[in-house]
Amino acid sequence: MQNLGFSLLKWDIYSGRQTFIGADNYLKMFNDPIFWKSLLNNTLYAGISIVFQVFGALVLAALVEGLPSPRWRGALRAIYFVPSAISLTVAGLLFYFIYEPRMGILNAALETLGLGNFAQAWLGQENTAIFGIIAMSQWQGFGYCTLLFAVALQRIPSELFEAASIDGVGPVRRFFFISLPLVREMSSLMMIVTVSGAFQVFNEVMVMTTGGPNNSSQVLGTWLYRSGFVRNDFGYAAAIATAVFVITLVLAVLQLRLAKRRRVEW
């Protein structure tokens, strides 16, 4: 509620001067093209994260848990969890150097494979910067999501899979008709966590591009920071924070209601 009050002010945080301006900050926000660009980037971030960190992680977890060797299952769990143990700041710096146009590993690999025409300044171009950041984030969070899905799959009684195998049901059909329905609760939880996290992205962008070039990789968190602490418009930053809160709250409520409707008892 305090933040909502701040959003109704024009506030100079350095002088402490506050002036009540009502809904002017919200009108400014709705007419701010960078705000809408940031919202689009967050939405893109959420969509790609759902594909990779929810559905992709579930498929990988099912493949790994379907291996007959416990040793291989344990080794692979450890391997794909390693990126999740790295802090976002370190991962951002790591990928910053991977994307470096002259000495980075990515462009060097493309040159080695004879694909040098595709080499470019990945974080220095408006049409690729946000995708470079999203790719780093998927790499960093994919293993953690996969591990959670692996735990959910382990809770499914093995008798169900054994009975399906006896009846001649193949692995693909077992995944869609046994695994997928019985991990809906975990899937719903991961959807909420993933989408909420996508609208609160900050560290990755600040470390890799600080929102550039030309604000092409701004997200709501970085635009909030720049508005409040760089442009000294704290009231407008509070309005953006209120928008982030409303968006994440509405999405969480919708997903919870959908998850409750589709819940499977077993």
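The model is predicted, and local features need pLDDT of at least 70, side-chain atom pairs count only at pLDDT 80 or more, and totals for chains, interfaces and linings use all residues. Residues are numbered from 1 along each chain as its sequence is written, and side-chain values use heavy atoms, with hydrogens and water left out.

M208 is in contact (heavy atoms within 4.5 Å) with G92, F95, Y96, Y99, L123, G132, I133 and M136, leaving aside neighbours within four places in sequence.

Next comes N25, which is found in helix 2; helices here are DSSP runs of H or I, at least four residues, numbered from the N terminus. N25 is buried, with a relative accessible area of 3%, where buried means under 20%, exposed over 50% and partly exposed in between (1.4 Å probe, protein chains only). A polar atom of the N25 side chain lies 2.8 Å from the backbone oxygen of S7.

V253, by comparison, lies in helix 13, residues 234-261, and is partly exposed at a relative accessible area of 40%.

Definitions and conventions
Helices (H or I, at least four residues) and strands (E, at least two) are DSSP runs, numbered from the N terminus. A polar contact is a pair of N or O atoms within 3.5 Å; within protein, one must be able to donate a hydrogen and the other to accept it, and residues adjacent in sequence count only if both atoms are side-chain atoms.
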